[in-house]
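Subject: Structure handover

Hello,

Here is the structure I promised to pass on. Please open it alongside this email, and then read my notes below.

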Amino acid sequence: MEHSKDGLFTWKERGALEYWAPEIHNKLPHRGDKADVFALGKCLFELVVGFSPFKLATLKDVYYRNLVKDSPVYWAFFDPNNFLSDDFKHLMTGMLHEDPTIRFTLDGVSNHPVFLGLRATSKELREELLRRRKPADNN
């Protein structure tokens, strides 16, 4: 049986092992949308920070275990200079939560303060790009 009767849960293992949600590693039935949020969270972390937050989402992985069991210790290790905003840390903790019933939904992610911050108008964006270009033109 690949899907539950309601069609929400699956036992299929898809995608790269490093991006599997914990419930997939634990061979539990899982919701694809919740597993996708998890994988997206790991990708987003890598894009923003420049390296992976952990190898595998299992409690055997010390980095993942610290993220889900003692996140202040995790963030103190990975972000000692507080470069990352509290909102970003909250988003990552919610997207990478070990419990899929608590893990953020896609709506929760898209409506998170990280993505609802101030957005530049096209005029502001153009002015900023021109401002950044000027020092390069002086060389």
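A residue counts as exposed when its relative accessible area is over 50%, and as buried when that area is under 20%. Partly exposed lies in between. Keep those cut-offs at hand. Also keep in mind that this is a predicted model.

How many salt bridges does a search of the whole structure find? The search finds two.

**E98 and K69**

K69 has 52% relative accessibility, so it counts as exposed. E98 has 25%, so it is partly exposed.

**K89 and D79**

The other salt bridge is formed by the side chains of K89 and D79, at 3.2 Å from N to O. These two are ten residues apart. K89 sits in helix α5, and D79 in the loop between α4 and α5. Is K89 buried or exposed? K89 is buried, because its relative accessible area is 9%. D79 is buried as well, at 5% relative accessibility.

**N82**

K89 has another partner. Its side chain makes a polar contact of 3.3 Å with the side chain of N82. N82 lies in the loop between α4 (71-78) and α5 (86-95). With 58% relative accessibility, N82 counts as exposed.

Best wishes

Note on methods. Residues numbered from 1 in each chain as written. Predicted model: local features only at pLDDT ≥ 70, side-chain atom pairs only at ≥ 80, totals over all residues. Heavy atoms only, no water. Helix = DSSP H or I, 4+ residues; strand = E, 2+ residues; numbered from the N terminus. Buried < 20%, exposed > 50% of the residue type's maximum accessible area, 1.4 Å probe, protein only. Polar contact = N/O pair within 3.5 Å; in protein donor to acceptor, adjacent residues only side chain to side chain. Salt bridge = Lys/Arg side-chain N within 4 Å of Asp/Glu carboxyl O.
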